[in-house]
Amino acid sequence: MSNKYETVIGLEVHVQLATKTKAFCGCSTKFGAVPNTQVCPVCLGLPGVLPVFNKKAFEYAIKLAIALDCDLQSIVKFDRKNYYYPDLPKNYQISQYDMPLAYNGKIVIDAEREGEFRAIGVTRAHLEEDAGKLIHDERLPFSYIDLNRTGTPLLEIVSEPDIRTPDEAYKYLTVLKQIIEYLEISDCNMEEGSLRCDANVSIRKKGAAELGSKVEIKNLNSFKAVRDALFFEEVRQEEILEDGGGISQETRLWDADKNVTISMRSKEAAHDYRYFPEPDLVPFEVKKGDIEAVRKNMPELPAKKRKRFLDEYKLNAKDVDVLISQRDIANLFESVAKNVQKPQIAANWVKGEVMKHLKEKNTDVKGLKLNPEDLSKIITMVENGTVSGLSAKEILADCIENGDKPDDIIEKKGLKQVSDEDELSRIVSEVIDNNVKSVTDFKNGKTNALSFLVGQVMKTSKGKANPKIAGEMLQKMLLS
Ligand SMILES: [Zn+2]
């Protein structure tokens, strides 16, 4: 987009709260069950039933509201949002209209200039229930309906139109997701729909006070899709305005294959939904004691952890950001850092080897059979020369793969590092005899020939030689 215009973005995020049962009935929320097996008269909207609000959903919502620095409404009141759609058997969705659970919060993201931050306002966060899922199969002349998801608790988080670039939108979502993961109130799985995002975007001439007509983009199933769709929309809207046209207020769908947004329908307004108070759920008071109880059990959040890691472990910001990216990774690092000499070395192992294994196995820390004591032990053994760095990586891989103990692996594979002078000097002599050219090179002043020779020692010893001692011994022998 050119410099003439400025973009105004607001995001609406739906977070599926990871309660075991639905928002207003006892049906399971487990993903992937046989369609229409997790339903009951309440979530099917049959006549004569009464909803009962899930206490856990309330607790999770409060947790997130506190984490986003929101003000909390003292009364919880539900409303009916009326609309007809095949995935909504009741013909209304229980939601919150004029009295959202929480409002006036913020999400702090990195500003463009390094080391600076920007707060994006959170207008409101309200509780509601999810709809069912329509399944379309193009080969068939009809569609399927799965109502297992109907009634799953959601928290919708609406941002202020404070976001100015697609990159900022991406950062906002990343920070929000990280906070939700730290709170352990949703699995945030975008593929399974536990985290969904709609974006409102408009552009205006720089310096203009009025907002342009906004377009809502739906069908954004990854953070990358959000960013790409916003980039596309900025350019599309500018082209229309530059041609003297006007932007129609509408809902558009993102087509990730073609990288374009497509017009879906004209945007509906709140009055189209004929909201009215839900008569089956009486408003109830949010007790201070309940909020305090939740507050007491809050984990340390990413921003605070980040600051503490910088101060306490003297790591650089880049390393800290990697370590705090997931709560379990941060915890693993801390447990290891406490038991080794230098926190930086613990950080290197966790963000290097451990994260490599996470990636390869496409899993999280819980999915690895790694206990922090074992990793601390491996690191300590490298530090004191018991095993080589190379062997240590092998040991770690075995710990992760089979859950074996480092000592047993070393024993079984004979990985104890050779620091014994006699044995080492035998290997070093052998290498010198077998690499006449490199020896001559070294003697002629080519110092990098030495690292080649050390490499040969490592190879001959099957990685068990202590490289430091081997290097010293080689030099001594070659220069004598
Ligand atoms: Zn149910």
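Visitor: In which crossing does helix 13 pass helix 14, left-handed or right-handed?
Guide: This is a predicted model. In it, the crossing of helix 13 past helix 14 is left-handed. Helix 13 covers residues 436–443 and helix 14 covers residues 448–460. They pack at an angle of about 145°, and their axes are 8 Å apart.

Visitor: Which residues make that contact?
Guide: Helix 13 contributes Ser438, Asp441 and Phe442. From helix 14 come Ala449, Leu450, Phe452 and Leu453. Sorted by class, the contact of helix 13 with helix 14 has five nonpolar residues, one polar and one charged.

Visitor: Turning to the strands, what is the order in the open sheet of nine strands?
Guide: The order is 2-6-7-10-1-11-12-13-14, and the pairing is mixed.

Visitor: Which strands stand at the edges?
Guide: Those are strand 2 (71–72) and strand 14 (260–266). Each has a single partner strand, so one side of each is without a neighbour in the sheet.

Visitor: How many bridges join strand 11 to strand 12?
Guide: Strand 11 (residues 195–205) and strand 12 (residues 215–220) are joined by four bridges and run antiparallel. Opposite Asn200 stands Glu216, in strand 12.

Visitor: What does helix 1 lie across?
Guide: Helix 1 (residues 55–67) lies across strand 2, strand 6 (102–110), strand 7 (117–129) and strand 10 (153–159). Its direction is at about 165° to strand 7.

Visitor: And strand 4, which strands do bridges join to it?
Guide: Four bridges link strand 4 (residues 79–82) with strand 5 (residues 92–95), and these two run antiparallel. Lys81 has Gln93 of strand 5 opposite. Two bridges also join strand 4 to strand 15 (residues 276–277), again in an antiparallel arrangement. There, Arg80 has Phe276 of strand 15 as its bridge partner.

Visitor: A change of topic: which residues are buried in helix 10?
Guide: Ser391, Ala392, Ile395, Leu396, Cys399 and Ile400 are buried in helix 10. The elements that cover them include helix 8 (343–361), helix 9 (372–383) and helix 11 (406–413).

Visitor: What span should helix 10 have, and how far apart are its ends?
Guide: Helix 10 (residues 389–402) has 14 residues, so at 1.5 Å a residue it should span 20 Å. The end C-alpha atoms of helix 10 are 20 Å apart, which agrees.

Visitor: What comes just after helix 10?
Guide: Gly403 follows, with a positive phi of about 70°.

How values were computed:
Residues numbered from 1 in each chain as written. Predicted model: local features only at pLDDT ≥ 70, side-chain atom pairs only at ≥ 80, totals over all residues. Pairing = 2+ DSSP bridges. Contact = placed C-beta atoms within 7 Å. Axes fitted to C-alpha atoms, helices over the stretch in contact; angles between N-to-C directions. Expected span 1.5 Å × (residues − 1). Buried ≥ 20, exposed ≤ 12 C-beta atoms within 10 Å, placed from the backbone. Left-handed = near helix turned anticlockwise from the far one by under 90°. Nonpolar A, V, L, I, M, F, W, Y, C, P; charged D, E, K, R; others polar.
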